[in-house]
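Please keep the sequence and the structure in view while reading.

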Amino acid sequence: MKFRFLTLVLLTASAAASAAEKKAAAKPDTEKKTMTSQEWKGQYGGPLEPGHMVAADVTSWKALAAKVGLDASAPDFTKSVAVAVFVGERMRGGFTAAFEESVMRGDDLLVLYRITIPSGFTTQALAQPWKVKVFARPKGKVIVEAIAP
């Protein structure tokens, strides 16, 4: 009789613990998560000529999205701006645009970028790499400058 009672208590405790674990696992994650940056990139579909573009409103965002075939909703332009860098057409893959740390110059935002050159094996196909990144909107203007590789 004692053995049956002890077994019953252990099984009940085990079932209760298992149910509590399942209930805890099913609880949704309610922790606030802050997005720090938005970026999009592609190896194909960018313009043939190298350059950059600043999108500071919905109209310029739509033009940018059409230029690279980007299917993404526009950022909140009351708080941010988007900067796009176009590497231009290259004879092989592996080239990318890399944004460096942005710097405030008074009220202006200086966005620096670098075109990285591939090393090692790459795709042997024409590529038109591009990259878009969203930055906090400055009070002044956005200045975009390339850094030598």
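Methionine 53 is buried, with a relative accessible area of 17%; buried means under 20% relative accessible area, exposed over 50% and partly exposed in between, with a 1.4 Å probe and protein chains only. The model is a predicted one, in which local features need pLDDT of at least 70 and side-chain atom pairs count only at pLDDT 80 or more, while totals for chains, interfaces and linings use all residues. Residues are numbered from 1 along each chain as its sequence is written, and side-chain values use heavy atoms, with hydrogens and water left out.

Methionine 53 has its place in strand E2; helices (H or I, at least four residues) and strands (E, at least two) are DSSP runs, numbered from the N terminus. Leaving out residues up to four places away in sequence, methionine 53 touches Ser60, Ala63, Leu64, Lys67, Ala82, Val83, Ala84 and Phe86, where contact means heavy atoms within 4.5 Å. Alanine 82 lies 29 residues from methionine 53 along the chain, and 8.3 Å separate their C-alpha atoms.

The protein chain as a whole has 2 helices and 8 strands, which follow one another along the sequence in the pattern α-β-β-α-β-β-β-β-β-β. Of its 149 residues, 32% count as buried. Among contacts between residues at least 6 apart in sequence, 75% join residues at least 24 apart. The accessible surface of the protein chain comes to about 10200 Å², and 58% of this belongs to carbon and sulfur atoms; accessible areas come from the Shrake-Rupley method with a 1.4 Å probe, and for residues only the protein chains shown count as cover.

Strand E2 belongs to an open sheet of 4 strands in the order E1-E7-E3-E2, with antiparallel pairing; two strands pair if DSSP finds at least two bridges between them. Its edge strands are E1 (39-42) and E2 (51-55), each of which pairs on one side only. On average, neighbouring strands of this sheet are turned by 15° against each other, direction ignored. Axes here are lines fitted to C-alpha atoms, for helices over the stretch in contact, and angles run from 0 to 180 degrees between N-to-C directions. E2 and E3 run antiparallel and are joined by 5 bridges, and glycine 51 stands opposite phenylalanine 86 in E3. Helix H2 (residues 58-68) packs on the sheet, where it touches E1, E2, E3 and strand E7 (130-136), and its direction makes about 145° with that of E2.

Serine 80 is found in strand E3 (residues 80-86). Serine 80 is buried, with a relative accessible area of 8%. Its side chain reaches the backbone oxygen of aspartate 76 at 2.7 Å. Not counting residues up to four places away in sequence, serine 80 touches Pro75, Val134, Phe135, Ala136 and Arg137.

The largest nonpolar core has 15 residues, and those with the most contacts inside it are Trp40, Trp61, Leu64, Leu70, Phe86, Trp130 and Val132. Such a core is a set of buried Ala, Val, Leu, Ile, Met, Phe, Trp, Tyr and Cys residues joined through side-chain atoms within 4.5 Å. E2, H2, E3 and E7 each supply at least two residues of this core, and its largest share, 4 residues, comes from H2. Tryptophan 130 is in contact with Trp40, Lys41, Gly42, Tyr44, Gly45, Gly46, Val68, Leu70, Val85 and Phe86, leaving aside its neighbours within four places in sequence.

Strand E6 (residues 108-116) has 7 of its 9 residues buried, so it is largely enclosed by the rest of the structure. Strand E4 (residues 96-99) runs antiparallel to E6, with 4 bridges joining the two; the bridge partner of phenylalanine 99 in E6 is tyrosine 113. Strand E5 (residues 103-105) also pairs with E6 in the antiparallel sense, over 3 bridges, and arginine 105 stands opposite aspartate 108 in E6. E5 and E6 form a hairpin with 2 residues between them, and glycine 106 in the turn has a positive phi of about 70°. With strand E8 (residues 142-147), E6 pairs in the parallel sense over 6 bridges; here leucine 112 stands opposite glutamate 145 in E8.

Definitions and conventions. A polar contact is a pair of N or O atoms within 3.5 Å; within protein, one must be able to donate a hydrogen and the other to accept it, and residues adjacent in sequence count only if both atoms are side-chain atoms.
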